[in-house]
Amino acid sequence: MKARTVFGVLIVAVLLFPLYWMVNASLQPSGALLRPDPAFVPVDGTLDGYRKALSSQGPHLLSSVVVALGTVLVSLVIAAPASYALAQLKVRGGPVLVFVLLIVQMIPGIVMANALYTVFGNLGLIDNYLGLVLADSTATIPFAILLLRAFMISVPRELTEASRVDGAGHWRTFRSIILPVSRNALVTAGLFSFLFAWADFLFAVTLTTGQSFEPITVGIYRFVGNQSADWNGIMATAVLAAVPAAVLLVVAQRYVVAGLTSGAVKD
């Protein structure tokens, strides 16, 4: 229990330290950031950067929320039953499939982005929420399957065998037994999927043109290019992009710690 608490505190500290400096820079006038000795506390703070950021980046934040939540939904809907099959059922070729999932994790993102651009262009999924959700899911689903499988292997088979004796089928066993005991692992997989989709830039800049919508990562990229001297607004935009992920990680960190450590050791 102490180890989990220390690990959780370290996660929060590592996350909040750079966030503090971003907040500090975002509250200072742009000229103050160019001084040789910048202030550690924004005494003469200003909210002008946040006004500019909200006016220009608000729609991009909403787009990122939609894409990230969609990625979480698609990832868990596919990864949870697949992990159950690989962990608890005798699936032919299961070890080979696990090895393939590991190999998929090694494919460079730019290769995936170029291939998906051609396919999605033919399907009309460029500048489309569904296209970006599916693209992010190609990276999050293999990771989620490996993570959930590692946990579900540690679930005692006596539980599933007892449900089978009572007449439950595989799907009912999955819904009634496996999913409830896998809560921490599901939260962990969902959180990592959300964070990946939220921070994704490569798929976002490849599969969007800015004509209909843009995620916040692309919005920041273009905002920096247009406002290269307005560091106050740039850092305010970075804070707005980091706060949702930081809050989510702080709130869910106890589930993340439990989900990452569960299944690591067999009783």
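Reader: Tyr129 to start: buried, partly exposed or exposed?
Author: This is a predicted model. In it Tyr129 is partly exposed, at a relative accessible area of 34%.

Reader: Which ring does Tyr129 pair with, and in what geometry?
Author: Tyr129 pairs with Phe213, and the two are stacked, with 4.1 Å centre to centre and 20° between the planes. Tyr129 sits in helix α5, while Phe213 is in the loop between α9 and α10, 84 residues apart.

Reader: And Phe213, buried or exposed?
Author: Phe213 is buried, with a relative accessible area of 7%.

Reader: How many aromatic pairs does the structure hold?
Author: Six. One of them is Trp171 with Phe174, edge-to-face at 5.9 Å centre to centre and 80° between the planes.

Reader: Where do Trp171 and Phe174 sit relative to each other in the helix?
Author: They are three residues apart in α7, so about one helical turn separates them. Trp171 is exposed at 57% relative accessibility, whereas Phe174 is buried at 6%. Ring pairs also join Tyr84 to Trp171 and Phe174 in a cluster.

Reader: Switching to the core. Which residues touch the most other members of the largest nonpolar core?
Author: Ile145, Leu148, Met152 and Ile178, out of 21 residues. Helix α5 gives the largest share, eight residues.

Reader: What does Leu148 contact beyond four places in sequence?
Author: Ala79, Ala80, Ser83, Ala185, Leu186 and Ala189.

Reader: Where does UniProt put the transmembrane regions?
Author: The unreviewed entry lists 61–84, 96–117, 129–148, 185–205 and 231–252. In the model, 129–148 is 100% helix, with its end C-alpha atoms 26 Å apart.

How values were computed:
Residues numbered from 1 in each chain as written. Predicted model: local features only at pLDDT ≥ 70, side-chain atom pairs only at ≥ 80, totals over all residues. Heavy atoms only, no water. Core = buried A, V, L, I, M, F, W, Y, C linked by side-chain atoms within 4.5 Å. Buried < 20%, exposed > 50% of the residue type's maximum accessible area, 1.4 Å probe, protein only. Helix = DSSP H or I, 4+ residues; strand = E, 2+ residues; numbered from the N terminus. Contact = heavy atoms within 4.5 Å. UniProt positions renumbered as here; feature names shortened; annotations may be inferred. Phe/Tyr/Trp six-rings, centres within 6.5 Å; stacked < 30°, edge-to-face > 60°.
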